[in-house]
Amino acid sequence: MASRVLVVAALVFLVVLPGCPGRKKGPGAAGGEGAGLEERGVDTAGSLERYKAGEKLAGDSGPLKDVHFAFDSYELDDEARAVLRENANWLLDHPREKVEIEGHCDERGTVEYNLALGAKRARAVKDYLVSLGVAADRMTTISYGEELPLCTEHNEECWARNRRAHFVLLGD
Amino acid sequence: MNTWNRVGLALAGVLFFWVGAGDAQVRGTIFGPGSRSYPIAVSPLRNLSEGAVGRELGARFADILERDLVISGYFKIVDRATHIEQPQTSGTDAETINFDSWAVLGALALVKGTFQLEGDMLAVEVKLFDVAQRRQLTGRRYRGSVDLLRRMAHRFADEIMLQFTGERGPFDSRIAFVSNRDGRFKEVYVMSLDGGDLQQVTKAQSITVSPSWSPDTRYLLYTSYKRGNPDLFLLDVVSGRELVLSRRGGLNLGGRFSPDGSTIAMTLEEGANSEIVLLDRTGDLVKQLTEHWAIDVSPSWSPDGRQIAFCSNRSGTPQIYIMNADGTWVRRITYEGDYNTAPAWSPKGDRIAFVRRYEGGFNIFTIRPDGTDAKQLTQAAGNNEDPSWSPDGRYIVFSSNRTGRKKLYVMDASGVTQVQLTQGGGDDTSPAWSRWLE
């Protein structure tokens, strides 16, 4: 009940303060302000579920975009922070949604080190979202290291795509 | 398939030994590994049985033995097509062998013997001869189920190496590894060094990584996502029983038994950070060893169980460190390169293998535990990773994608001989070399 009030309040807020910087609807949301109908594509199956089902792994298919990292790093650069601010906005607009943050690495380096690195990436993302006001208990993290890549070519372009944190909506 | 049980019954209780006299003279004439220069002839075993069943076993024994001797890097095999003496029409002891017919082929050593198959039971008697001196160096009798033929050949290969190098060879052991050869899922497989006795031991249909052996070769530890989270599992290879040893939140990674089998070092992520801890065999936490914001992974025990090498990026980049087994006295041992991971401590204790990223490729190096004398072992392009030592400490099995897919290779501890072990489809990674089978 309280969350429904919050949603309404948020929508009202958006109507009243259209010029507020940084507060815009997440991509994919349709309908006018206060119309009460929202539509979006969501990514509700995590990478491991998709992999087990033989499906293609998802990149940026939902309202929450992937963020990418430099090699052997879990630092968030400016671009990553910008993406996460948008993701945070969406999460704050949809306060009942829970999300799992997956940490991934490219294929180079040791399996074990990459599992730990993926965990660091997922936690770094979670910590930043917490600092933006998203409640910590809405977010879980998991690392898949180099085990679930989006692509398998042995070049920098593919490696850069694989060094990511990916969001999975778990529903509410 | 309880191969190991049958081994325990058959080989442990019913093995007869006798050793030739004066074998010490032969040692010292062998060149180093990689020379592939000591010419040895392996004659197929003579069939003492009447019937046609099992006739090929004598040749198969010789095939397996020859392959092991090639992998060892010490020997050159005299081509079987040039053999003058044939198994069924020649003798198998020093008095009855025509040594001249082997000397003329250039053979300096000779293997000859007999086998007898009665139902399912196989009896093998096999001997090693010095051709020039016309005398027996060593011999063995093996008796067991016919399934154990391969192990008998591996045991004799180890014995031949003992005779010529003074140290027992590594062939009667197992290699566990991860592969997706049978589908898209990475599962754990077990095989002998020559690729035989291949067996899939997990069917998690999920992601499974980082297998390692118990010192008694009975159990495997590995991390699997079959329950959704990366949990640490313990598999009894003999009974097939699997239980989850650690399912704490976050990573439960890289379990490694201490040399005395009492403790398991592993990485836990519980809380905020990956740390190396010790568990007992029931999965209870004994001690947390590292306490640092950095990534700490991949523990590897020294053979005396007193120290642990591991990988940490506490200096800013992943490097190899050593600490006492109680977590005290942490010191860094790699200072060259910006990416050094996957330490593996040799059973001899004198060197630690690891992986270094160097000019874009990943290669295997070894270094002394005091951080000196780093040596590069692999030179190939691409990724050469996951080193694991043989039980005798003279060989390293590793994974390489030098020909495209990741396959397992074995090399000697100086990197001279590099032999491809696995073939076929998929990627083979994370090899773990067991101790000698009981």
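Among contacts in chain B between residues at least 6 apart in sequence, what percentage join residues at least 24 apart? In this predicted model, the share of such contacts in chain B that join residues at least 24 apart is 47%.

**Figure 1. Overall view of chain B in the predicted model, with its helices and strands.** The secondary structure of chain B amounts to four helices and 31 strands. Because the radius of gyration of chain B is 23 Å, close to the 22 Å that the globule rule gives for 438 residues, chain B is as compact as a globular protein of that length. The C-alpha trace of chain B spans about 70 × 45 × 40 Å along its principal axes, and 49% of the 438 residues of this chain count as buried.

**Figure 2. Domain 1 and domain 2 of chain B, and the contact between them.** Chain B is divided into domain 1, which covers residues 3-165, and domain 2, which covers residues 175-433; the centres of these domains, taken over C-alpha atoms, are separated by 34 Å. The contact takes 11 residues from domain 1 of chain B and 13 residues from domain 2 of chain B. On the side of domain 1 that touches domain 2, the elements that give two or more residues are helix H1 (3-13), helix H2 (57-72) and helix H4 (149-165) of chain B, and H2(B) gives the most, with four residues. The residues on this side of domain 1 of chain B divide into four nonpolar, four polar and three charged.

**Figure 3. The open sheet of strands E11, E12, E13 and E14 in chain B.** Four strands of chain B form this open sheet in the order E11-E12-E13-E14, and their pairing is antiparallel. Strand E11 (208-213) and strand E14 (242-246) of chain B stand at the edges and have a single partner strand each, so one side of each is left without a neighbour in the sheet. From one strand to the next, the twist averages 30°. E11(B) is joined by four bridges to strand E12 (residues 219-224) of chain B, and these two strands run antiparallel; B:Ser212 has B:Leu221 in E12(B) as its bridge partner.

**Figure 4. The side of chain B that touches chain A.** In this view, 29 residues of chain B are in contact with 17 residues of chain A. The residues of chain B on the side that touches chain A divide into 15 nonpolar, 12 polar and two charged.

**Figure 5. Strand E2 of chain A with its partners E3 and E4 of chain A.** Strand E2 (residues 98-104) of chain A is mostly covered, as five of its seven residues are buried. Six bridges join E2(A) to strand E4 (residues 164-171) of chain A, with the two strands running antiparallel, while six bridges also join E2(A) to strand E3 (residues 139-145) of chain A, with which E2(A) runs parallel. A:Val99 can be followed into both pairings: this residue stands opposite A:Leu169 in E4(A) and opposite A:Met139 in E3(A).

Technical notes: Residues are numbered from 1 along each chain as its sequence is written. Chains are lettered from A and ligands numbered from 1 in the order in which they are written. This is a predicted model: local features need pLDDT of at least 70, side-chain atom pairs count only at pLDDT 80 or more; totals for chains, interfaces and linings use all residues. Two strands pair if DSSP finds at least two bridges between them. Axes are lines fitted to C-alpha atoms, for helices over the stretch in contact, and angles run from 0 to 180 degrees between N-to-C directions. The radius of gyration is taken over C-alpha atoms; the globule rule is 2.2 Å times the number of residues to the power 0.38. A residue is buried if 20 or more other C-beta atoms lie within 10 Å of its own, exposed if 12 or fewer, and partly exposed in between; C-beta atoms are placed from the backbone. Two residues are in contact if their C-beta atoms, placed from the backbone, lie within 7 Å. Ala, Val, Leu, Ile, Met, Phe, Trp, Tyr, Cys and Pro count as nonpolar, Asp, Glu, Lys and Arg as charged, and the others, Gly among them, as polar. Domain bounds come from an automatic or database domain assignment.
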